[in-house]
Protein chains: 2
Amino acid sequence: MTTTAARPAATEVEQWLDRFDSALRAGDAAAAADLFATESYWRDLVAFTWNIRTVEGREGVTDMLTSALPHIQPHDWRTSEEPAEADGVTEAWLTFETAAGRGSGHLRLIDGKAWTLLTALEELKGHEESLGSRRPKGVVHGADPERHTWLEDRRREAEELGHTTQPYVVILGGGQGGIALGARLRQLRVPTIIVERNARPGDSWRNRYKSLCLHDPVWYDHLPYIKFPANWPVFSPKDKIADWLEMYTRVMELNYWGSTEAKRARYDETAGEWELVVERDGAELTLRPKQLVLATGMSGRPHTPVFPGADVFRGDQHHSSKHPGPDAYRGKRAVVIGSNNSAHDICAALWEHDADVTMVQRTSTHVVRSDTLLEIALGDLYSERAVTAGVTTEKADMIFASLPYRILAGLQIPVYDQIRERDADFYDRLEAAGFQHDWGEDGSGLFMKYLRRASGYYIDVGASELVAGGQIKLRAGQVDHLTEDAVVMADGTELPADLVVYATGYESMNGAVADLISQEVADQVGKVWGLGSDTAKDPGPWEGEQRNMWKPTQQPGLWFHGGNLHQSRHYSQYLALQLKARAEGIDTPVYGLQVVHHTH
Amino acid sequence: MTTTAARPAATEVEQWLDRFDSALRAGDAAAAADLFATESYWRDLVAFTWNIRTVEGREGVTDMLTSALPHIQPHDWRTSEEPAEADGVTEAWLTFETAAGRGSGHLRLIDGKAWTLLTALEELKGHEESLGSRRPKGVVHGADPERHTWLEDRRREAEELGHTTQPYVVILGGGQGGIALGARLRQLRVPTIIVERNARPGDSWRNRYKSLCLHDPVWYDHLPYIKFPANWPVFSPKDKIADWLEMYTRVMELNYWGSTEAKRARYDETAGEWELVVERDGAELTLRPKQLVLATGMSGRPHTPVFPGADVFRGDQHHSSKHPGPDAYRGKRAVVIGSNNSAHDICAALWEHDADVTMVQRTSTHVVRSDTLLEIALGDLYSERAVTAGVTTEKADMIFASLPYRILAGLQIPVYDQIRERDADFYDRLEAAGFQHDWGEDGSGLFMKYLRRASGYYIDVGASELVAGGQIKLRAGQVDHLTEDAVVMADGTELPADLVVYATGYESMNGAVADLISQEVADQVGKVWGLGSDTAKDPGPWEGEQRNMWKPTQQPGLWFHGGNLHQSRHYSQYLALQLKARAEGIDTPVYGLQVVHHTH
């Protein structure tokens, strides 16, 4: 027997869980809410809400539980590790069950009350993945005249699915997002087709400029089920990650329709299914999935400003997503419009190939040196150091998820204060060169910029030194027009150019909905991504979670998935469970369906 | 401080290691040998002997150490886990260093003396693999006009290696053996080409009969660096493992020359290199590697007996390795000659396709039911249960390696006694049907048969019930001749046949040496595989290790590699380190070079 006196953190958590469990079992939402602090957050990933929601304060908890308790029936709360206390906060890892599934969670107590609670659905009862001790046998022992081999089964599936049988889910977009979700759905035995315009998995990486490497480190980038091996580089070169995605798609046995274009989709309300017309092998084909997932990426539709004179410009001009790389521009004059990640990468590669390069900075940009970011911002969660300390990528994902977005900005500010101090010289040199630098409106730095607007920053892997040193020329201001051979700025300055690259970002994912379905449905669903932080490009009101991502939308059967590799990996789990529950006819009453405040 | 009184096993090991270390540092081979029991075994994997050797008793230890100590300079012995005692044997996991490298080991003490010691080289100092915290960065930060991308580097390597630059190693055979070794050499930065007759990695599996699945379970089958994911089936279907090998080859960046045939090889003693002529894309090309590895498999050259009348037989006849599967033989009469794994698999698949099947058993065969083998013989080391108990595949490999072959048979006999008892009914039924069954000459069962002769057994996945039930007809005895439409047995019985399959095994790997190099070199190198157990197909004298495998041979620069997935995975490590040491010019004095007792 352990003595409780020696384990104050454990005792505090056990007592809290006992009371919480009693309140939940009694269906007493108010009593449960009373266990939360005045300022408190309960973040739920599908387990209680069949949604991705953060509720705030006792009122929020009461409201959610009043709605959820009758059907969710949570029980069997346990700690899965020894709780620990630090700086007045007691932390505990939890497991629990609901009527439909098993979940895991994380709790932070302050003075005996919950400050944060994370609850996440891990699996649906009766629909567990066939992993580890549940793995398939691979061969049916004994003799069976009806036996078919793995290869025969795979071939039949490929012949039938989408032709004589219909997929339950179609994922549009076969990048890392579509692939990760496809893998999870396959493990959940949900018939799925991934539709991708490019021929092969990974092509969306292969087609980018040749110097591109991931700006996120390997520990942050794992896909589900198969980890990158220990020899994998910290920053994957684009063609190497492309090969991995192609390999992964094959060995995870995904039904991946490459060279296939989604032409149009219409939701048939009566049948409760989509009519999705795709073009494959030169012919049109109609798929009728119950669920349609858009995983076309934040980088779906390039945003290219059309400046006066663009039609008379005689050189090459293209959006950064179409930039072929620097090889053809040796000795040429290049003007790159934009100052975020792609702009910097493209400028540096052009300079390395002896081009004369000018970067046009139209708005201020946040820069963080890659090494600094790795060490200070990511190192505790995603690094070799973290892995050695037992923080696997899966655990890091849960720690990260346990911090509600409302408090995340406040927690990030001191991190970026530290970065500002550490790299003071660097920022001084950059600003001395005329670079307009910012730290986000509230000083919360890169990751909040990513979550709020997915733009406005550069993770420096070398280009900033070229900007500071003047090798990449910098020109601040707005573009007025183009001439036959130059970009002319609003102040009249002429920037002679053989090449203009528009590193000007991407349209909202709403555009993809309008193109594929209708403007009406795009408006009904509303803006995708962002938190409602009321900062630039992320208008309020506060929404608490990423808009429309990985959760039910105002359009039945329409879902959004994607983001960076971390998001594609972690949130694909919750989206897959939501889709599986619907495929199995499990009741999924949604608490707090996305409200639409903005249409683009 | 820990009190030694409470840790008797740890104290015993510490005291032993102290004395051992002192003796080794003093260069006193006799004093070190005195720490071993009268019956004792020191198995060394490259760390002390630059060879794979087991020495026996104090005399053996003295002889080996007298030779090795001056240059090996072992030191810094430590335990890497808490030692434990059970049944009078104290076990400890060790680490140590030598002049050239770092090693790990395993020790068993009885009454304070070493009964078994395993020492294994893990890495060469200054030539560590770039894994984990040593992983490559993937991108060189900063701007560099000389930058080349990962893809450009890969393409240049493919263009140059074997043409304008020479590989240090050529591996002949691109099955799992060649691929695993190729991966390790790549991580050790040893320029290597894998030469394979088939077009794509995995084809040697794809080309086999369609019902083939691995008879070994997934935990036993992992390749180095990338483990099969948790959803991988226990028994891999052949086409699925083939896809894995193909993808593995790609993401591990191996230089894999498919559709390439090795025509002939000659060792140039003056240059200390091979002249290896290969045919690729219809043209002959000479490669000049310093080291040549034969990984063409025990299954290299089919052994096909030629019976009188084979030339007049009108039906189909082929070796099991060329058997296309059952589809074309529905309703036909098939005679399968042989009673080992392939024979059983092929008979069962033919029966499942409504063929009339007769198995010709020429010699007795050992059968173990797959489930029983998994549970009783492998479960402690290679199973989900083992993984849960902390016995990773790597640890299981070391535990397995720590048991010298001399005592392994004795340890296996009780395992098979248990199997005999558990499945008594099964064996009774099998023998009642006329099946000639054995347990190995000394009752040591399947794994010893594999190590001694790599034949003579069947891991039952269902065919034995068909034999017992008479669905597969059984005919014991020798074949006398074939007629136009039958196989005629020595007793005159006629077995009408539309198809004859020769499931009659493979030639020794010596044949491959004779074909590729010369009969003279084949004789000089001698028999490959087997232990010298003085049992059928494994003549004495006792050799203590697998003949010629993964270690220096009598032919400089010629090596053998292969075996099942376990051997390909584990022993590729020691072969790769030996090759790397030579590539780096490290002194590698070999203790106890393979002596040749048999030429085939």
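Which residue in the turn of the hairpin formed by S12(A) and S13(A) has a positive phi? Here are some notes to read alongside the structure.

1. **Ground rules.** This is a predicted model, where local features need pLDDT of at least 70, side-chain atom pairs count only at pLDDT 80 or more, and totals for chains, interfaces and linings use all residues. Residues are numbered from 1 along each chain as its sequence is written, chains are lettered from A and ligands numbered from 1 in the order in which they are written, and side-chain values use heavy atoms, with hydrogens and water left out.

2. **The hairpin from the opening question.** The residue is A:Asp281, with a positive phi of about 50°. Strand S12 (residues 273-280) and strand S13 (residues 283-287) of chain A pair in the antiparallel sense, over five bridges. As for the words, helices (H or I, at least four residues) and strands (E, at least two) are DSSP runs, numbered from the N terminus, and two strands pair if DSSP finds at least two bridges between them. If you want one bridge to look for, A:Glu279 has A:Glu284 as its partner in S13(A).

3. **Where the two chains meet.** Chain A and chain B each put 56 residues into the contact (contact means heavy atoms within 4.5 Å). Together they bury about 4,900 Å², 60% of it on carbon and sulfur atoms; buried area is the accessible area (1.4 Å probe) that two parts lose on being put together, summed over both. On the chain A side, A:Arg135, A:Arg250 and A:Glu352 lose the most area to chain B, together 14% of what that side buries.

4. One to find is B:Lys210 with A:Glu152, at 2.4 Å, N to O. On the side of chain A that touches chain B, the elements giving two or more residues are helices H4 (150-160), H7 (238-251), H8 (341-352) and H9 (370-378). H7(A) has the largest share, with eight residues.

5. **A mostly covered helix.** Have a look at helix H14 (residues 445-453) of chain A, where eight of the nine residues are buried (buried means under 20% relative accessible area, exposed over 50%, partly exposed in between; 1.4 Å probe, protein chains only). Among the buried ones are A:Phe447, A:Lys449 and A:Arg452. Their cover includes strand S18 (366-369), helix H12 (405-422) and helix H18 (565-583) of chain A. Just after H14(A), A:Ala454 takes a positive phi of about 55°.

6. Why does B:Leu495 count as buried? Because its relative accessibility is 5%. B:Leu495 belongs to strand S23 (residues 494-496) of chain B, and its contacts beyond four places in sequence include B:Val335, B:Val360 and B:Met489. B:Leu17, in helix H1 (residues 8-25) of chain B, counts as buried because its relative accessibility is 6%. B:Leu17 touches B:Trp77, B:Arg78, B:Thr79 and B:Leu94, leaving aside residues up to four places away in sequence.

How values were computed: Salt bridge = Lys/Arg side-chain N within 4 Å of Asp/Glu carboxyl O.
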